[in-house]
Number of protein chains: 2
Amino acid sequence: MVKAKNTSFDIAYRAGVSQSTVSRALRNSPLVNEETRLRVQAIAKELNYKVDKNASSLRTQRSGTIALLLFEDPTNDDSLINPFFMSMLGSITRACGNKGYDLLVSFQQMSHDWHADFEDTRKADGIILLGYGDYTDYEEKLIQLIEQETHFVRWGAEVKDLAVVSVGCDNFQGGYQLTEHVINNNRKNFAFLGGVSSGSPEFLDRYLGHCKALTDHNLVINTQLQFDAISTEESGHNAALNLIKGGEKFDAIMAASDLIAVGAMRALQEHNMRVPEDIAVFGFDDIPVASFTFPTLTTAKQDTMLAGELLVDKLLALVNGEEAKTELMATTLVVRQSCGSGH
Amino acid sequence: MVKAKNTSFDIAYRAGVSQSTVSRALRNSPLVNEETRLRVQAIAKELNYKVDKNASSLRTQRSGTIALLLFEDPTNDDSLINPFFMSMLGSITRACGNKGYDLLVSFQQMSHDWHADFEDTRKADGIILLGYGDYTDYEEKLIQLIEQETHFVRWGAEVKDLAVVSVGCDNFQGGYQLTEHVINNNRKNFAFLGGVSSGSPEFLDRYLGHCKALTDHNLVINTQLQFDAISTEESGHNAALNLIKGGEKFDAIMAASDLIAVGAMRALQEHNMRVPEDIAVFGFDDIPVASFTFPTLTTAKQDTMLAGELLVDKLLALVNGEEAKTELMATTLVVRQSCGSGH
DNA sequence: CTGAAAGCGCTTACAG
DNA sequence: CTGAAAGCGCTTACAG
């Protein structure tokens with residue numbers, strides 16, 4: 001037989017107080033006598049009583065939960081999620097835990113209607129948006145969320161003309177710094193693998209920073225050496241194959257993400273081009289794989305731990321009716337072996 | 001001004017019916033007239049009304065939510081979660097979505113008291129346990145969960161003597177199949193990298209399958225060539241360095257996991273030992289990285305999509321008071337380049 | 001400091 | 001097929 005769950009009334013009965021007092025005692029209300037509080041808490045613990053969150057959330061209209069919407073383009077392998085977002089998921093989960101919030105996770109297809117009604121159903125107090133994909137589709141949904149007065153924050157480049165709180169990296173500066181580092185390693189002919197349209201604003205910013213570094217050092221921007229790619233290993237592999245096939249001379253590849261870089265290195269190695277001796281390769285993100293490749297990958301680290309904290313902090317501020325501002329984090333140059341000067 | 005949220009009473013008022021009828025209509029109850037139902041649903045949609053889950057969960061004592069406890073040993077990099085479990089997380093999330101359940105995710109330290117009170121607080125109807133670490137610590141917590149009559153399932157090897165529903169892979173068979181494949185590629189001296197104690201039952205089973213394949217093919221099990229490792233790249237790297245330092249002759253390495261294999265390949269390449277020409281290397285799991293390494297990694301695939309579905313299905317069966325049985329899935333041999341016969 | 005009571009927004013027996 | 005009413009288990013003004 002399953003024993004019926006204890007309620008605050010059961011605790012009250014055992015403690016010889018009213019149910020109201022139990023509720024106050026368990027919430028550490030200053031309105032309750034110290035001794036009473038301790039007695040109630042002891043009994044609650046003994047009976048393994050836990051406050052029913054559905055009831056308390058219904059009463060307080062607060063769920064103590066945040067929803068994370070991880071959206072993505074369809075991939076052939078359903079289980080393959082961009083490792084960078086996986087790191088973010090990890091840090092967001094931890095940041096939520098530190099704040100005493102639970103995290104509801106939901107994967108969404110970029111192309112579908114988002115199941116973003118967690119706040120409407122009162123299951124979550126606010127939403128964190130995380131993902132990539134064509135920005136054009138994305139913007140419409142943001143507008144919808146704003147109209148519904150949903151509390152939300154997002155990871156990514158700043159959104160202009162919309163009252164949206166974003167946390168992102170300074171992609172321009174990151175692209176600049178990486179490129180400058182490799183220029184200082186005496187590379188002159190840079191290829192760039194990654195989409196550079198407004199549909200992928202992060203990649204575009206990285207590219208613009210890259211180009212600025214080139215011109216600041218009196219190097220030529222050769223658009224023949226730019227090939228589109230999305231952030232997958234396969235796409236990076238394809239782009240690098242096209243680059244090689246193109247026949248233009250190059251001695252360095254900036255990949256718009258680490259995953260692209262990994263694919264590019266595979267293509268180079270298949271063509272017996274040595275990294276870094278013949279070609280320097282560098283990426284962006286510093287995903288875990290970046291330190292496992294051979295050679296290990298020079299990249300710009302995005303601080304996912306900090307990002308997770310910022311996203312959660314800002315969302316909770318919004319939930320509490322406070323102000324929150326978009327924030328751009330600096331990236332950190334991580335020098336490894338793939339550009340020839342690493343350890 | 002924030003507009004007050006609509007309730008079922010508002011919908012009832014607009015539709016000219018009682019609130020009970022609204023509730024029935026929105027739940028597609030057969031008790032409600034077709035025409036009435038459509039009218040109510042139209043109005044609800046128009047007003048963007050969503051049923052308050054806190055209220056309905058309180059009433060029905062069902063949350064429509066599953067909690068996933070992902071526990072792990074502390075790692076130096078907090079954001080680095082075992083990619084295999086990340087794949088599992090992905091498939092579990094999808095499986096939950098397909099069943100109309102939400103997923104609450106929580107990371108736990110193996111060593112800490114688990115925050116496993118999601119069911120006690122009525123935030124979740126059941127719990128999925130996912131993780132690795134020393135099995136000895138783990139068992140105590142399982143017993144605690146059973147005593148609390150918590151609904152839960154877990155990923156991993158079958159647990160003896162405990163009424164626990166597990167979903168796992170046939171690690172013995174996987175180890176056997178992989179080893180046999182490499183034996184057929186004319187390797188004779190096998191090293192094994194991975195812990196082989198009862199604290200890591202999955203690794204132990206893989207090792208036992210490996211050993212069985214060796215003896216079945218009249219090869220010697222050389223315990224000098226077994227080195228402990230946990231499932232990280234670094235640990236695999238260290239174990240391989242020790243193996244190389246040991247000076248025993250070997251021409252193949254079975255790594256207890258892909259992450260260990262990746263670390264081992266790095267160590268080999270640092271010592272100018274070619275994979276697969278000099279040494280065949282194979283892993284276990286088929287994590288995404290396995291197809292990106294150079295050379296790509298031969299391994300045994302654990303079907304994470306199926307695993308996620310099974311875990312969710314079995315948990316929901318338990319939640320509904322039905323029977324659920326422990327299930328062992330077959331692994332699939334994935335032949336790539338690292339053992340010399342791949343494409 | 002404590003208690004009695006209202007009410008959060010639903011679902012579902014019960015009565016018709 | 002529909003409605004009035006009870007009740008899920010809390011939190012918190014209100015009264016003392």
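How many residues does the contact take from chain B and from chain A? The contact takes 56 residues from each of chain B and chain A; contact means heavy atoms within 4.5 Å. This is a predicted model: local features need pLDDT of at least 70, side-chain atom pairs count only at pLDDT 80 or more, and totals for chains, interfaces and linings use all residues. Residues are numbered from 1 along each chain as its sequence is written, chains are lettered from A and ligands numbered from 1 in the order written, and side-chain values use heavy atoms, without hydrogens and water.

**View 1. The interface of chain B and chain A.** The two chains bury about 4800 Å² between them, 59% of it on carbon and sulfur atoms. Buried area is the accessible area (1.4 Å probe) that two parts lose on being put together, summed over both. In chain B, Asn54(B), Arg94(B) and Phe292(B) lose the most area to chain A, together 14% of what that side buries.

View 2. Five salt bridges are counted between chain B and chain A (a side-chain nitrogen of Lys or Arg within 4 Å of a carboxyl oxygen of Asp or Glu). One joins Asp102(B) to Lys123(A), with the closest N and O atoms 2.9 Å apart. Strand E2 (residues 102-109) of chain A pairs with E2(B) in the antiparallel sense over three bridges. Strands are DSSP runs (E) of at least two residues, helices runs (H or I) of at least four, numbered from the N terminus; two strands pair if DSSP finds at least two bridges between them. Leu104(A) stands opposite Leu104(B) in E2(B).

**View 3. The surface near DNA strand D.** 28 residues surround DNA strand D; near means that a heavy atom of the residue lies within 4 Å. The closest are Gln19(A), Ser23(A), Tyr49(A), Arg59(A) and Arg24(B). Sugar and phosphate account for 56% of the atoms of DNA strand D that come within 4 Å of the protein. H4(A) gives the most to this surface, with five residues.

**View 4. Polar atoms of chain B at DNA strand D.** A polar contact is a pair of N or O atoms within 3.5 Å; within protein, one must be able to donate a hydrogen and the other to accept it, and residues adjacent in sequence count only if both atoms are side-chain atoms. Phosphate oxygens lie 2.9 Å from a polar backbone atom of Ser18(B) and 3.3 Å from a polar side-chain atom of Gln61(B).
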